[in-house]
Amino acid sequence: MKWNAKKTLAILLTVMMIVVAGCSSGGGNNLSQAGNTGAGQETAKPEKLTMIVDTTFAPFIERIGAAFEQEHGVKVEFITTDYNSLHDKVVTSLAGGNANVDIVLVDTVWTAEFATAGFIEPLNSYVEEGLKDQIVPISYDQRVIDDNLYALPVSNEGKFLYYNEKMLKDGGYDAPPQTWDELNAIAKDLKAQGIAKYGIVWGWTQAEGLICDYTLLVESFGGQFQDEEGNWVFNEGGALEALEFMVNSLNDKDFTDPSSLSLNDGTVLNAYAAGGIPFMMNWSFAVNALKDNPDIKLAFIPGVEGKSESATVTGGGALGIAATSKNKDWAWNLIDFINEKRSEIIVNDYIGSLPVWKDLVDNEELLAKYPDLGMMTEQFDYAVNRPNIAGYSEWSHIMQFAVTSALVGEKTPKQALDDAKQEIDSKEIK
Amino acid sequence: MAWVLVLPSILLIFGLTIYPVLYSFWLSLNNVSLLNPVRSFAGLNNYIEILSSQAFWAALGRTFYFVLISLSVQTVAGLTFALVLNQPFYGRGFVRALILLPWAIPNIVNGVMWEWILNSSYGALNGILLQIGIISEPIQWLSKPWLALNMVILADTWKVIPLYVIMFLAGLQTIPKDLYEAARIDGSGVWRSFFSITLPLLKPILLVILVLRTMQCFGVFDIVYIMTKGGPADGTMVISFFTYFQTFGKLNFGMGSAISFLVAFVVLSISLVYMRLLKTDEAD
């Protein structure tokens, strides 16, 4: 009996070891070199394609998917999540070697990370000649790593200053402010007149949106994150002034709405729509969300006297093909379909962001719907990118912690940025 | 024959528990980052790096605070509710059903709901406090690190109170009424009865709740994810969120596994203490 048990145990262990060996080699492949089969292989028409997109994008992509199914007979399925969870959703799906995902939405700052991790397929072999020339350069160039395009841009984003024209007019102001000092003065005056509670509301919760606002303020104050040799220098000069400006505006009872610290790019809309605040900082998608309020208008983001006229930060969505997808050429067909249908199913109609196609920038139908389109396009002349580095998520998180630490008063701006630089340097994030 | 019968479950347990545990332990001894295709053996480097990182200890400290405060507040509140609901009064059945309500609400919905309630400019809590006149300026509930952590505890408390109430209520109903009568005849007051009869007899239930909830609180994740995403200034960055971020935010699976093992070690130590407590109780 005892011998029997031992023997069974031995067999069991052998089976287990075989399983372990099999699994670990499989797991290893998944982690390190997520299958790379290259383009051009004609695969059979799949029953469906699966995409991971964020909720802002969903309405547009759903329209595209329906049209694609009608034309090509391939169903398009969606996995949707809110923007702040999208990164982790994509990563967990692709890192696990999930072969059922074909297309993922890639935010501007994830391109380098996803490309380095081997999550997304280089698209050069799919892209037809001339495609690049049809796309706004600022959208296209963000997606190129080492001369390879990794995701095809579908929407172009930037931050804008939203203002309530009626509140400004009631207070005796005909035009939005040109500088941050002017904005502060208007805010104080409107509060004194009993028209406003605070000057401006931002989405400054500890998340990516905070870094976007910080980035554009760094540009406003003439600062930079990295010097020409790639060393991190955000703890001095304009970048430090930008953080000091944020902290001061928050401590000033009239300037920044203190609830900004618990709002993100989405919830800040609720706070703004509730009224009592003349200005808000947000992406262009907010145009769509606020279109029922005729008083809300768009303006250039203010600058800093003697340093800048205006500044904004880029963003936007692009579609990448999962390296593990079994239907890469059909996935590309779907992405290309968006290109084909661009003047029928217009991304702006559904998410309110700017077109990436040059021929849509002055599309009359769009201009009728978005009277500010010209101004919005012009704002991009003042646009900066966030750092395009593979370790962006980690960098961003360290910076989010630094900026919020200063905003809640746990550290001085200088201390917070010094600490962040030290951590980023010690981790060799570049 | 016995071995053959348990073989399927052994295989299942092995495949779903033992193998992943061993594999992640192996990961924790290696440099495994999705951003770096080259894997290399790291020995204990991941552990050393984590143990010398301030952020880890801060997250662990926050988690202990979370566990301690939630358990004490929830136990006191849960027991109070249970004692009230154990008294006969008109409409008791209705109130008992009502108190179960939060338990039926999914964690995610609860998180979103509290995020709205606590919003400083349009949230209900500030609205009520301002109208009653208790405060004159809106309070930034989720904008200060320590306050935000306490607000997350509050949201969690609201959601889990029913568990405490139901468990305590069940416990209270097993206590024979004649014990109280005998005590009353001997001249014991309400408080004396509570501390000498109710509390000692509830001890087994209390321990079960404590064990269960300690583990749950230690792994608190979803409500933080919804309400604060670890902010502001990492004020609500509890250990499970920290681990998640290290793993899936930074794509550093080696480091993530190392943290998971350290956390598992802490949880294991706590459960050993609890097991001891439960055992002596059985021996009584």
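In this predicted model, helices H17(A) and H18(A) cross in a right-handed sense. H17 of chain A covers residues 392–407, and H18 of chain A covers residues 413–426. Angles over 145 degrees count as roughly antiparallel. H17(A) and H18(A) are therefore roughly antiparallel to each other. On the H17(A) side, the contact is built from Trp395(A), Ile398(A), Met399(A), Ala402(A), Ser405(A) and Ala406(A). H18(A) contributes Pro413(A), Ala416(A), Leu417(A), Asp419(A), Ala420(A), Glu423(A) and Ile424(A). Of the residues in this contact, 10 are nonpolar, one is polar and two are charged.

Chain A also holds an open sheet of five strands. The strand order is E2-E1-E3-E12-E6, with mixed pairing. E2 (75–81) and E6 (152–153) of chain A stand at the edges. Each has a single partner strand, so one side of each is left without a neighbour in the sheet. The pairing of E6(A) with E12 of chain A (residues 317–321) is antiparallel and runs over two bridges. Within E12(A), Leu319(A) is the bridge partner of Leu152(A).

Two helices of chain A that pack on this sheet are described here. H2 of chain A (residues 58–72) touches strands E1 (48–54) and E2 of chain A. The direction of H2 makes about 170° with that of E2(A). H3 of chain A (residues 83–95) touches E1, E2 and E3 (103–107) of chain A. For H3, the angle to the direction of E1(A) is about 140°.

The contact between the two chains takes 40 residues from chain A and 30 residues from chain B. On the chain B side, the elements that give two or more residues are helix H1 (2–28), strand E2 (36–41) and helix H11 (239–249) of chain B. H1(B) supplies the largest share of that side, with five residues. The chain B residues that touch chain A comprise 17 nonpolar, eight polar and five charged.

Confidence was examined for chain A. Its mean pLDDT is 85, and 90% of its residues reach 70 or more. Over residues 19–41 of chain A, however, the pLDDT is below 50. In the model, this stretch has 27 contacts beyond near neighbours in sequence. Where pLDDT is low, predicted coordinates should not be read in detail.

Technical notes:
Residues are numbered from 1 along each chain as its sequence is written. Chains are lettered from A and ligands numbered from 1 in the order in which they are written. This is a predicted model: local features need pLDDT of at least 70, side-chain atom pairs count only at pLDDT 80 or more; totals for chains, interfaces and linings use all residues. Axes are lines fitted to C-alpha atoms, for helices over the stretch in contact, and angles run from 0 to 180 degrees between N-to-C directions. Helices (H or I, at least four residues) and strands (E, at least two) are DSSP runs, numbered from the N terminus. Angles under 35 degrees count as roughly parallel, over 145 as roughly antiparallel, 65 to 115 as roughly perpendicular and the rest as oblique. A crossing is left-handed if the near helix is turned anticlockwise from the far one by less than a right angle, and right-handed if clockwise. Two residues are in contact if their C-beta atoms, placed from the backbone, lie within 7 Å. Ala, Val, Leu, Ile, Met, Phe, Trp, Tyr, Cys and Pro count as nonpolar, Asp, Glu, Lys and Arg as charged, and the others, Gly among them, as polar. pLDDT is the predictor's confidence in each residue, from 0 to 100. Two strands pair if DSSP finds at least two bridges between them.
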